[in-house]
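Morning, everyone. Let me put the structure up, and then we'll walk through it.

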Amino acid sequence: MPILFGPVLSRRLGRSLGIDLVFRKVCSMDCLYCEVGRTTYYTSERKPYISLEKIREALEQAKEIANTYDVLTITGSGEPTLNIHFEEAVHLAKAMIDKPIAVLTNSTLVHERSVREALARVDFVLASLDSAREKSFRLVNRPVAAVKLDLIIEGLSALRQEMEGELWLEVLFVKGLNDTPEDISALKSAIDYIKPHRVQLNTVVRPPAYPMARPLSLEELEAIKQRLSGKAEIISGEKRGAILEKPLTLTELSEWLINYLSRRPADLEELAFVFGEAKDKLLSLLNKLQDEGKVTKVYHEGKVYFRA
Ligand code: SF4
């Protein structure tokens, strides 16, 4: 699979070109809500999951198409900082790409000095913190034993002080697990301590890795936002779009669909929005891909989603 992805339109980042530093699914957590799927390579060990040579090649390509996106996002179908080359990847990206750099991280390695120093140099760090209570953190995120919540909170606080760009904290709520009054009050204390530039609230809007993960309603998210003194913003309805050079052949559209659906499940409505194609055309293509075993249907909250 190519390690460059997109560009896709994101409300938070604009036109974003993604670069994956780990393949599906290398992660230090196995979150109940993960939209990529269950963790198959469960580890906190840093390794060259994708070689530096491949990363450099992808950055060369990204440099050539720099006029097609607004931000380069370092991510992965798992946790990108687990790649031992993460620091070098940030260094190369900063040197080669004349665009803002963003990183998506689950925060589990933010306490490591070299990782934090690299994160501090980028323009936007979108870091996850779903709970500030040990019990709900372990229930929702299911981290490897070596991961310690207090180190994450300390690491995020240190990162905020060292950041040259902005630290955005994303909190994803799973109904009944990390949304109790005790959870919100602990979270508020952690947020007050970390002082991120932005706090973004999300819930289980897509089919989760584990069906027991249920979403909060918009009203429930609003109530939490108020308890967090209204400082947070709700991002659960965020729409993405693909930036495509049209017209696409059916083969090109199939490749895009598989690429998109391998990173997150999506319903027909979203795919029609993302790809700017008629629903009946997409549905017949999805049925064909399903017959070929490349796409499957999943059900979540009464809706049908497709996943590659
Ligand atoms: S949501 Fe992120 S941190 Fe959690 S399992 Fe999926 S990839 Fe890993």
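**Ligand, domains, helices**

Around the ligand sit C27, M29, D30, C31, C34, V36, T39, G78, E79 and N106. A residue is near a molecule if its C-beta atom, placed from the backbone, lies within 6 Å of it. This is a predicted model: local features need pLDDT of at least 70, side-chain atom pairs count only at pLDDT 80 or more, and totals for chains, interfaces and linings use all residues. Residues are numbered from 1 along each chain as its sequence is written.

What is the make-up of the shell around the ligand? Five nonpolar, three polar and two charged residues. Here Ala, Val, Leu, Ile, Met, Phe, Trp, Tyr, Cys and Pro count as nonpolar, Asp, Glu, Lys and Arg as charged, and the others, Gly among them, as polar.

Next, the domains. The protein chain splits into domain 1 (4-241) and domain 2 (247-307), with bounds from an automatic or database domain assignment. Ten residues of domain 1 and eleven residues of domain 2 make the contact; that term requires C-beta atoms, placed from the backbone, within 7 Å. On the domain 1 side, four are nonpolar, two polar and four charged.

Now two helices, α9 (residues 268-275) and α10 (residues 279-291). Helices are DSSP runs (H or I, at least four residues), numbered from the N terminus. L268, L271, A272 and F275 in α9 meet K279, L282 and L283 in α10. That contact has six nonpolar, no polar and one charged residues.

Methods:
Two residues are in contact if their C-beta atoms, placed from the backbone, lie within 7 Å. Axes are lines fitted to C-alpha atoms, for helices over the stretch in contact, and angles run from 0 to 180 degrees between N-to-C directions.
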